[in-house]
Every structure is written in C-alpha cells, then in structure tokens.
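Reader: I am new to this structure and would like to understand the words used to describe it. Could you take me through them with the model in view?

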Amino acid sequence: MSAERLLLGVLAMLVAAANLLPGEAVEWRREAITHFELWRLWTGQFCHWSLPHLAGNLAAVVAIGVIAGRPIRRWLAALPLAAPLLSLFLLAAVPGLDSYRGLSGLVGVLIAGAVLEGGTPGRLLGVAYLGKLVFDAAIGSTSVLLPPGIEVTWAAHLGGLLIGIALAVAFSLQGRPTQ
C-alpha cells in the first residue's frame, strides 16, 4: 500500500471518528491540549459544530478537488500531517482562542494545492480565498453554517494557507532530482 493511500485512509478515519464522537471530547480546546490531551491536535481540525458545518467544509473540499483534479490527492493525503501543525499554530498565534472545530483551516492547505495544480480556475480560487481572508480578518464574520455565537476563526484559515505554502515548497523539493 502506498503512503498516499495510507494517509488518505487515515484522513477518512479521522473525519469519521471526529464527527461520530462527542464534540466536547475531540474539539481543539486550549486547556485540554495543555493538559496533554494531544489527540485534540488532530481531531479538533476534523470535528464540527453541526452537520451543516461539516457539509459545508466537505463541499469546499469536493469543489477544490473538482478544480484541481487528481493532483490534489497528495495534498489531501498530507492533511493528517498538517492538522497538528495547524493546531500548534493556533496555540501560538491566537492566545485568546479557547476552542475550535472544523476542517476549514485545513481547506487553506488545499487552496495552496489548487493554486498550483488547478490552472487558472485554481489561481482565481486562491485570489478569492485571500480576499475572504482579508475581509474576515478586518471585519470579522459569522457563517450560516455555524451555530449562533460561533464566529469564523480566520486565523485558522491563514495558518492553513501558510502550511499549504510550506507544503508546496516541500513538494517542489521532493520533485527535484538529487545531484
């Protein structure tokens, strides 16, 4: 079995487990992580506040897959490895954040993939994503997919995009022939 297939299987299991278990037990929660509940570094990125929240995030993943095509598979396979990095980013960059749920931060990783793998539509998607990120950072926003009182965590989207850029560098280095 290839590493890519194995990681895609891990991704599917993380999404399923994180959404079948009680959210309070798997969400990204600062206090719990600092008390060594380290599974939350992964599961918090995959659990959701509601079924519409999950459906919206999965729809974004599917849309990116349609735009970028088969090459996005390696980016999807990297999500189980990117999840704890994004969680650590949130711990460091957003000290006031107490809890978080959702795949949308990791969608930023896939946006980087779409920009590189998806031609002009992928680049346009990247520009739109940057515009939304700037808007959310400047104004703040809510989403109809989130329960009342839960705001969009734009810093997670930024972190995902930064991790996606780092992953793009890693992929390009991996593709270079050794001398």
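Reader: Which residues in α8 are buried, and what makes them count as buried?

Author: This is a predicted model, in which local features need pLDDT of at least 70 and side-chain atom pairs count only at pLDDT 80 or more, while totals for chains, interfaces and linings use all residues. Residues are numbered from 1 along each chain as its sequence is written, and side-chain values use heavy atoms, with hydrogens and water left out. In α8, the residues G122, G126, Y129, L133 and D136 are called buried, a word kept for under 20% relative accessible area, with exposed meaning over 50% and partly exposed in between (1.4 Å probe, protein chains only). They cover an arc of only 95 degrees around the axis, taken from the directions from the helix axis to the C-beta atoms, and therefore lie on the same side of α8.

Reader: What covers the buried residues of α8?

Author: The cover includes α5 (51-68), α7 (104-117) and α9 (154-175), where contact means heavy atoms within 4.5 Å.

Reader: Why is α5 called roughly parallel to α7?

Author: The two helices pack at an angle of about 10 degrees, with their axes 9 Å apart. Angles run from 0 to 180 degrees between N-to-C directions, the axes being lines fitted to C-alpha atoms over the stretch in contact. Under 35 degrees counts as roughly parallel, over 145 as roughly antiparallel, 65 to 115 as roughly perpendicular and the rest as oblique, so α5 is roughly parallel to α7.

Reader: Which residues of α5 and α7 meet?

Author: From α5, N57, A60, V61, I64 and A68 meet S104, V107, L110, I111, A114 and E117 of α7.

Methods:
Helix = DSSP H or I, 4+ residues; strand = E, 2+ residues; numbered from the N terminus.
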